[in-house]
Amino acid sequence: MPVFVINPMNDVHCRHMVMKLKELGIEYKELGSPELNDYAAINGELIYNGEPLQKIRSAYFRSIMTHNPKQLARGDAAERYNNQVQFTAQVESVKAWLHALHEEGARIINAPSNSSKYYQLNTLHQIGIPMPRTCITSNPDIARSFISEVKRAVCKPLPGGSYCRKVTPELIEQLEAITHEPTIFQEEIPGDDIRVNMLAGKVISAHKIIKSNPDILDYRTDPEYHSGEVQYESVDLPEQVVRFCARAMEQLGLRFSGIDLRRTPDGEFVMIECNSMPAFLDIELKTGAPITAHLIQDLQKAPLIERPSSYSGTGAYSRKKGTENIASLFNYYDVMSNWSKQARKLKDRIIVDLNEEQKVQMLEQTGSPKAQMELEIQEGKVKVLRVW
């Protein structure tokens, strides 16, 4: 199948893409959740549900879960831990499968890499993209110093997925919490929220997000956004803004991006972030911007990859069954428990270099040269465990 739609989360954008592909009569294949489908690699060959990929042109991929809902369900610690490791393996299978497909030359919109907020922000600052002053830290003292320097600051969680918040005096009092929670702090930039959808370095839509209240910091917290009533207003971007957006995408390895800009009252444009898996359907449906059409056209233009298959098991695959209450092949919890016990035992052990006098003594006692020894400290007493 030349065009794949990778849809592990039954995403609305993927369903819309499938509908449009059907309407246009374009050959496609939809790939689903790794819970019910097999993303395999056999002797260097990619296989999906027992079928080798002999023809591939491109793939549209929007997202896969980064957290495991089963962790919120009841169950003992061992079951929850085993479920989490199984879930991590499922996510890895989809991401690595897509990465391998990308490495083989298929056009992926977008390959699941470089989506890290940390990587993005640091990289974009390094190449001189106009951005808010930014600090990523888990040190409360560094955070306080940065906040004092920029005067007005906002913060957001490093993994993403939650709303941006103003840094208030009350929040500053809670900063010790970031010791275990690395956090993004940025200079607050007042102005309009602009969402730009770009594909292969070209703008395919640019709109101001009309907020119900100009004081709303993050448009996702706007009641009209949640009710589906938010509206958009088309904007023309200056050429220099288009250039720095295209440069940012190229540096981050993104073919398609939903770029968030802030337009200040002085008319300056500042980049907030480049979304690697952007939501765009609401803009398309409300404004008529042909975003999906542009994506399909780009997917269709990709060169067709054809290759022979050496896989002999075609057609022998039986579809996965439901995954509820299926035991784990490996007892990850038991392994981790044993590792933790060993780690606790090792935490009071140190390795030290022998001094010259000790080296002479060890040589006399053992008949062979020694250079280091491992010590264990228990209840204030030192015990030599081994010498080598």
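Modeller: A nonpolar core is a set of buried Ala, Val, Leu, Ile, Met, Phe, Trp, Tyr and Cys residues joined through side-chain atoms within 4.5 Å. This model is predicted.

Colleague: Which residues touch the most other members of the largest nonpolar core?

Modeller: They are Leu-237, Ile-259, Leu-261 and Met-271, out of 26 residues. H3, E13, H7, E16 and E17 each supply at least two residues of this core. H7 gives the largest share, seven residues.

Colleague: What is Met-271 in contact with, leaving aside its neighbours within four places in sequence?

Modeller: Its contacts include Leu-124, Phe-244, Ala-248, Ile-259 and Leu-261. Contact means heavy atoms within 4.5 Å, so each of these residues meets that limit with Met-271.

Colleague: Why are some residues of helix H3 called buried?

Modeller: Buried means under 20% relative accessible area, so Gln-120, Leu-121, Thr-123 and Leu-124 of H3 fall under that cut-off. Their cover includes strands E9, E12 and E17 and helix H7.

Colleague: What makes Ser-116 a cap for H3?

Modeller: A side-chain oxygen of Ser-116 lies 3.3 Å from the backbone nitrogen of Tyr-118, at the N-terminal end of H3. The limit for a polar contact is 3.5 Å, so this pair is within it.

Colleague: How do you know that E9 and E12 pair?

Modeller: Pairing needs at least two bridges, and E9 and E12 have four, so they pair, in the antiparallel sense. In one of these bridges, Thr-137 is the partner of Thr-183 in E12.

Colleague: Why do E9 and E11 count as edges?

Modeller: The open sheet runs in the order E9-E12-E10-E11. E9 and E11 each have a single partner strand, so one side of each is left without a neighbour in the sheet.

Methods. Residues are numbered from 1 along each chain as its sequence is written. This is a predicted model: local features need pLDDT of at least 70, side-chain atom pairs count only at pLDDT 80 or more; totals for chains, interfaces and linings use all residues. Side-chain values use heavy atoms; hydrogens and water are left out. Buried means under 20% relative accessible area, exposed over 50%, partly exposed in between (1.4 Å probe, protein chains only). A polar contact is a pair of N or O atoms within 3.5 Å; within protein, one must be able to donate a hydrogen and the other to accept it, and residues adjacent in sequence count only if both atoms are side-chain atoms.
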